[in-house]
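Thanks for making time this morning.

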Amino acid sequence: MLLKSNIKDLKNILKADNVLSHEEECYCYAEDAGNFRASYKTPDVVVFVETTEDVQKVVRYAYQHNIPIVCRGAGTNTVGACICEEGGIVLNFSKMNKILEFSPDDMTMKVQAGAVLGEIKKVAESEGLYYPPDPSNFKVSTIGGSIAQSSGGAKSFKYGTTKDYILGLTVVLADGNIMKIGAGTIKDAAGYHLSQLIVGSEGTLAIVVEAELKLIPKPEASAVITAYFDDTQKAVSAVNSIIKSRVFPSTIDFMDKNSINTVEKFYPCGLDTEKECVLIIETEGFKISMEHQVQLISKALADAGASGIDCAYDEKQKESLWTARRSSYAATAKLAPDVITDDIIVPRSKLAGMVDGIQSICKEYGLQACIVGHIGDGNLHPQIALNMESDEEFKNCMEAKAKMYALVSSLGGALSAEHGIGIEKRAYVEKFLDKYSLEYMRRIKKLFDPTGILNPNKIFKI
Ligand SMILES: Cc1cc2nc3c(=O)[nH]c(=O)nc-3n(C[C@H](O)[C@H](O)[C@H](O)COP(=O)(O)OP(=O)(O)OC[C@H]3O[C@@H](n4cnc5c(N)ncnc54)[C@H](O)[C@@H]3O)c2cc1C
């Protein structure tokens, strides 16, 4: 609990109207998009930072007074990564959202941590360039949050994730000093790659204030192909057939039957609700190559046993399909008062077994699950609709999740592909990480944050 004098000091350090301290105001920042029962507290104070100097001043103050700091972008992470378990200061980046430099010649962009991905993409595209990482909620999520969670999205199959687009970072360290990481050049082999340590660290090592991003040329054209299957195994093997035909789609996404039906009710766009699953494949390149790519992909899909293969070239049609796919979380939320999503990844060769496993585990526990995912990567998002107020449903959901993670582990997968650990999966980290790697992570945390003020106890407990 912060003292009144701490709040007064913060109001002197920053503009007073950038400091919220009434409980009702702070309560709005107590949760994120994670949905679970946790013993978290309302933050004692929420401060809006506008400049790197603001961040430095607040961090220095927190360091001197041993106050926890939790950074917050748009609050859309799904694992409780930006909730306050111990109260303290929420550092809100929504006013620190500028694009600082855009160099089309160098294909780079320097942005503040609160810049929204949708805006970054829009500005890049105005000069024919492309920032590919695209978490489904890119229209609101920030670059700082995406760096902290190592966000991916549908386009990871071809283009990789946030980690592949970070050329440099400016971070504020736990004691308030500033560290510049990376030269901002396309290649940089000078010393340890510290920026990769910050990516995925969930705000536990340092606070990102600026990021220098790599951009690539925006492909001239794209097509979106939908293909239905009566059997998940066939859908998975279709991915290999496509690769064998030497096309490299940017996205190979998946929706199971429950998702197709749920999304079609919520956002009707003509999906075939009779089929077991659908693949949504996007391929990009020169206009002149599109038809050829679509032919090769369609043949590979048909050879793998697909039916109802369709292709959209038209922007409106493509957007409608992606809106449907991106709406799956919101659509699932219509089935029950609450929805709990997950994020797991297995080698692609084990995917069909994973989908079957999730379906039978959910059936065993009487849970409604819609499974979507970035199947090209082996990444699945089971979305479970339930009533969190029901002790029984909640207990069943937690037990079902534990079984899913055991299955992921037995299939050689990872606990998170792109959403991170936060507090939600912290209890499982020891089961998935090698004991020395976890020990070194703890030592790295101590080195960066000796007094433990930065997003305490997220990912693992010290
Ligand atoms: C409907 C929906 C769909 C989604 N789809 C995808 C998807 O397809 N792929 C995917 O990868 N993710 C997805 N996500 C998760 C989410 O998009 C990402 O985690 C997101 O990028 C987080 O951004 P944010 O600005 O909301 O961060 P927040 O949730 O505010 O914060 C996330 C973490 O970053 C830390 N943080 C924030 N700013 C900073 C900073 N400046 N310095 C240091 N740490 C900081 C926070 O403390 C916290 O630990 C989805 C979420 C929702 C709700």
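Predicted model: local features only at pLDDT ≥ 70, side-chain atom pairs only at ≥ 80, totals over all residues.

Which residues come nearest to the ligand, of the 36 around it? They are Gly73, Gly144, Gly145, Ala148 and Gly203, where a residue counts as near if its C-beta atom, placed from the backbone, lies within 6 Å of the molecule. Residues are numbered from 1 along each chain as its sequence is written.

The elements that give two or more residues to the shell are strand S3, helix H5 (143–149) and strand S10 (207–214), and H5 gives the most, with 5 residues. Helices (H or I, at least four residues) and strands (E, at least two) are DSSP runs, numbered from the N terminus. Domain 1 (4–92) and domain 2 (99–217) both contribute to this shell, so the ligand lies between them; the domain bounds come from an automatic or database assignment.

Turning to S3, we find it in an open sheet of 4 strands with mixed pairing, in the order S1-S2-S4-S3, where two strands pair if DSSP finds at least two bridges between them. Strands S1 (19–20) and S3 (69–72) are the edges, each pairing on one side only. S3 runs parallel to S4 (residues 89–92), joined to it by 4 bridges, and Cys71 stands opposite Leu91 in S4.
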